[in-house]
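Hello,

Here is the structure I promised to pass on. My notes on it come after the model.

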Amino acid sequence: MKKIIVENTVCLNTGDAAILLAIRHVLRAATDEPLQFHVFDSQPDVAARLYPKRDYPDIDIRRLPSETVFKYPYDDNPLKNLAKPIYNRLVHSALRHYGQSRALDETMFSDDERSSLDLYRQADMVITTGGTYLIETYNLEKRLNQFRIDAVFGKKTVFFTQSLGPFDKAYNRRELKPVLDRSPLILLRDERSRRHLKGLVEDIGKCHVVADSVFALADRQKIEGILAAAKPLETTGRVGISVRHWNYVRGGEGGMDRYRESIRRIATDLVRNHGKKVTFVSTCQGVPEYAHDDSKTARAIVAELDTDVVAHVSVDGAFHTPEQLMQLVKGFDFVIATRMHMMIMSLCVGTPVLPIAYEFKTRELAKRVGLTDLLLDIDTITPDEAADKLAAFATALDVRKRTTLNAVCEEHASAMSAADLIRPLLAQGSALAADDHAPRITEGAA
């Protein structure tokens with residue numbers, strides 16, 4: 001049995017959990033050997049509750065080592081913060097000598113941490129999950145520290161399908177370059193991300209643009225059946241809307257007000273002009289321990305709808321696994337999606353989508369599935385534009401659905417092509433211990 005580590009996951013986000021399940025699906029297609037997945041997450045106790053062993057027996061969820069073995073300056077105590085870089089250097093030194101002195105290991109690392117570090121030593125492959133987390137909107141230090149742990153144990157990290165960059169900060173460029181150069185395979189969702197790596201990766205040929213990994217979960221048989229049917233598409237009279245709060249919208253809170261008002265206009269037109277029942281549902285909700293709950297934004301929008309509209313609108317604020325969410329959206333005529341993986345999971349089950357972009361990843365995806373002309377942008381959306389594009393989308397829904405579903409078949413094939421790229425790496429396995437040429441940690445931890 002091969003041991004696969006998938007690190008940097010956030011399984012409380014159903015979209016990120018879908019990425020994990022897609023990685024598992026692709027790797028299973030790449031080998032006949034049994035696989036055990038050790039998933040290193042930011043909130044493993046909650047994630048394990050949401051994805052229990054009885055339902056996912058091949059997935060073991062643990063705490064991300066970089067979040068426990070290192071210290072970060074999150075408080076206002078200047079003396080503590082001054083000591084943290086010194087402590088982190090000691091941790092790096094202990095990691096480099098891990099396994100050589102039981103006394104040192106037990107002094108520096110807890111039982112759980114040692115158990116996790118042992119898994120890193122034994123792993124056949126280390127994958128950093130797909131998604132959008134290597135961008136300078138976020139602090140990258142925990143991610144960098146995790147890559148440093150990979151390097152100490154001689155693991156050449158595989159980057160699963162993601163959007164990343166640009167990297168304008170000299171520190172990030174300096175610290176990421178050796179990580180990217182050591183990686184045997186970097187999968188990217190778009191050409192823009194590939195351009196962001198020029199000058200950072202010596203061998204750009206190992207950087208492959210493929211579809212988002214979640215497209216690997218597409219119900220190809222269902223989609224081909226829809227495309228083959230000559231009769232008009234059946235409707236249920238139900239539409240889903242996915243919303244989110246976005247801290248970086250142009251215009252700040254005023255921009256969010258404009259976005260919320262645009263969604264109200266969409267919901268109102270769906271009810272009054274198209275006779276639809278509307279359900280607000282998203283990939284980030286129903287988990288109190290998670291920092292994001294899109295149902296709060298949905299309820300704030302619904303609270304200001306007119307009475308005649310509210311009677312036909314509901315908010316589904318429950319948590320859904322990727323499988324449950326895809327089953328739910330099968331019952332919608334279409335989905336208005338702000339969350340990108342809400343968009344992808346809807347498309348995966350044959351439900352067309354009118355997308356709203358909040359980052360470039362959705363704009364790039366809209367190009368790939370033929371929706372550029374209808375794409376709404378959270379930075380510029382207005383109620384009138386939202387109403388116009390909804391009308392254009394709904395009027396030509398049958399044509400739009402067939403166009404996008406043809407594209408989904410191509411995206412599915414592209415996402416599954418990652419199996420061919422990763423197959424030889426699985427066959428090789430990974431070094432069990434760091435070699436003498438593994439890059440040493442310098443100032444990074446500080």
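The notes below cover the cavities, a pocket and one glutamine.

First, the conventions. This is a predicted model, in which local features need pLDDT of at least 70 and side-chain atom pairs count only at pLDDT 80 or more, while totals for chains, interfaces and linings use all residues. Residues are numbered from 1 along each chain as its sequence is written, and side-chain values use heavy atoms, with hydrogens and water left out.

Cavities. The structure holds three of 30 Å³ or more. A cavity is a set of points, on a 1 Å grid over the protein atoms alone, where a 1.4 Å probe fits but cannot get out; lining residues have an atom within 4 Å of a point. Grid points are joined across faces, edges and corners, and a volume is the space filled by probe spheres set on the points.

The largest cavity has about 70 Å³ of space. Its lining includes Arg 189, Asp 190, Phe 215, Met 340 and Glu 411. Helix α15 (residues 360-368) gives the most, with four residues. Helices (H or I, at least four residues) and strands (E, at least two) are DSSP runs, numbered from the N terminus. By class, this lining has five nonpolar, no polar and seven charged residues. Here Ala, Val, Leu, Ile, Met, Phe, Trp, Tyr, Cys and Pro count as nonpolar, Asp, Glu, Lys and Arg as charged, and the others, Gly among them, as polar.

The second largest cavity has a volume of about 40 Å³. Its lining has eight nonpolar, no polar and no charged residues. Among them are Cys 11, Tyr 51 and Tyr 56. α1 (14-30) and β3 (59-63) each supply at least two residues. α1 gives the most, with three.

Pocket. The second largest pocket (an open set with protein on both sides within 12 Å along at least five of seven lines) has a volume of about 380 Å³. It is lined by 20 residues; Ile 226, Leu 233, Glu 234, Thr 235 and Lys 401 lie nearest its centre. α17 gives the most to this lining, with three residues. The classes are eight nonpolar, five polar and seven charged.

Gln 285. This residue sits in the loop between β10 (277-280) and α11 (294-302). What lies 2.6 Å from a polar atom of its side chain? The backbone oxygen of Ala 318 does. The backbone oxygen of Asp 316 lies 2.8 Å from a polar atom of that side chain.

Best wishes

Key. A polar contact is a pair of N or O atoms within 3.5 Å; within protein, one must be able to donate a hydrogen and the other to accept it, and residues adjacent in sequence count only if both atoms are side-chain atoms.
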